[in-house]
Amino acid sequence: RKELGGIFSALMVAFNEKGGINERGTREIIRHNIDVMGVDGLYVGGSTGENFMLATEEKMRVFEIAVEEAKGKVKLIAQVGSLNLQEAIELGRYAKELGYDSLSAVTPFYYKFDFEEIKHYYNAITEATEMDMIVYSIPFLTGVNINIDQFAELFENKYIIGVKFTAGDFFLLERMRKSFPQHLLYAGFDEMMLSATVLGVDGAIGSTFNVNGVRAKKIFELAKEGRVDEAREIQHTTNDLIEGILDNGLYQTLKEILKDQGVDAGYTKQPMKRLSSEKIERARELSKKYIG
Ligand code: NGF
C-alpha cells in the first residue's frame with residue numbers, strides 16, 4: 001500500500017478553443033510530467049483536469065490517454081467521484097479494466113449529504129469495483145468536512161486505503177497520522193507541502209507539480225531525510241511561484257507556463273475565462289523566472 005506514496009501531478013488536460021479534448025496536447029503534458037518533472041505518479045480526472053465539466057466518455061478518454069502515455073513508468077490514480085453514483089461506478093470499473101493502481105473519489109457535494117450517505121457512496125463504489133479507494137477531501141470547495149471518527153468509520157472498509165487531504169487543518173492531519181499509520185495520506189495543498197511532509201504524509205498530489213514537480217520532489221525528499229532548513233528554502237521559492245500563479249488565475253496560468261515550456265497545454269474549459277494579454281505576459285515572466 002505505501003508503494004503508492006510519492007509526488008503525483010494532478011494532471012492537466014489540454015482543451016481546444018471549443019472545449020473538446022486536445023489529445024496531442026494532453027499527451028505532451030503527460031510526457032512532460034514524467035520525463036521532465038520526474039513525478040512518481042499521475043492523479044487523473046481531478047479538479048486540475050477540469051474533470052467535473054466533462055462528459056462521461058471524455059473522462060474515459062482521458063483515463064485511456066494517461067495509460068497509453070504513461071506506459072507503466074509511473075503510478076496512476078483515477079479520480080472517479082461524481083454526483084452521479086452510477087457514473088462513478090462505471091468510471092471505476094473502466095479504470096480497473098485499464099489497470100489503474102487505485103481509485104479516488106471526491107466527497108459528494110452540493111446536496112449537503114449526511115455522513116451515512118457519504119459512507120454509502122464510497123462503499124457502493126468499492127463494492128462494485130473491488131478497487132482500492134483514496135478519499136478526496138477538499139472541504140473548501142465541497143463544503144464537506146469529515147472528522148476523525150468518521151474517517152475511522154470509512155476505513156472499516158478495507159478498500160479505503162487513504163485520503164487526499166486538501167485542507168489547512170494540520171491539527172486534524174496530525175491526529176490522522178497518529179491514528180492511521182497504515183493508511184496513505186497525501187498533502188493536497190502544494191504551498192503547504194513541507195509542513196504536511198514534516199507531519200508524515202506519504203505523498204502529495206498537486207496541480208502546480210505539472211510545472212514545478214522538480215522542486216516539489218526535492219522538498220518532499222529533503223523533508224523526509226530531516227533536512228528541513230534546505231527544504232524550507234525550496235518551499236519559499238515554490239511559494240513565490242505559487243503566489244504569482246494564484247494571483248494570475250490558477251489553471252490558466254499553469255497552462256500558459258506549460259506553453260512557455262514548449263508543451264501544447266491548450267485552453268481551459270469555459271466558463272473558465274481566458275487570460276488577458278497582460279496576464280499571459282505575466283505567466284510567461286513567471287515561467288522564465290522560476291522554471292527557466
Ligand atoms: O486545484 C486545487 C483546488 N487544488 C490542488 C489540488 O489539491 C487539486 C492544489 O494543487 C488536485 O489534486 C486535483 O486536481 O484534484 C492547488 O491547486 C495548489 O495547492 C494551489 O493552491 O483548489
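A residue is called buried if 20 or more other C-beta atoms, placed from the backbone, lie within 10 Å of its own, exposed if 12 or fewer do, and partly exposed in between. Helices (H or I, at least four residues) and strands (E, at least two) are DSSP runs numbered from the N terminus. The model is predicted: local features need pLDDT of at least 70, side-chain atom pairs count only at pLDDT 80 or more, and totals for chains, interfaces and linings use all residues. Residues are numbered from 1 along each chain as its sequence is written.

View A. Helix H4 covers residues 115-129, 15 residues in total. From first C-alpha to last it reaches 21 Å, close to the 21 Å expected at 1.5 Å a residue; the expected span is 1.5 Å times one less than the number of residues. Tyr121, Tyr122, Ile125, Thr126 and Thr129 of H4 are buried. These buried residues fall within an arc of 115° seen down the axis of H4, so they line one face of the helix; the arc is that of the directions from the helix axis to the C-beta atoms. Exposed Glu116, Glu117 and Glu127 sit on the face turned away from the buried side of H4.

**View B. What covers H4, and the residue after it.** The cover over the buried residues of H4 includes helices H3 (85-98) and H6 (148-154), and strands E4 (102-106), E5 (133-137) and E6 (160-165). Just after H4, Glu130 has a positive phi of about 50°.

**View C. The largest nonpolar core.** A nonpolar core is a set of buried Ala, Val, Leu, Ile, Met, Phe, Trp, Tyr and Cys residues joined through C-beta atoms within 7 Å. The largest one has 82 residues, and Leu11, Leu42, Val44, Ala66, Leu76 and Ala204 have the most contacts inside it. Helix H9 (residues 209-224) gives the most to this core, seven residues.

View D. A residue is near a molecule if its C-beta atom, placed from the backbone, lies within 6 Å of it. Of the 17 residues around the ligand, Ala10, Gly46, Thr48, Gly206 and Ser207 come nearest. Strand E8 (203-206) and helix H10 (228-248) are the elements that give two or more residues to this shell.

**View E. Helix H11.** Eight of the eleven residues of helix H11 (residues 250-260) are buried, among them Tyr251, Lys255 and Glu256. Just after H11, Gly262 takes a positive phi of about 90°.

Terms used:
Contact = placed C-beta atoms within 7 Å.
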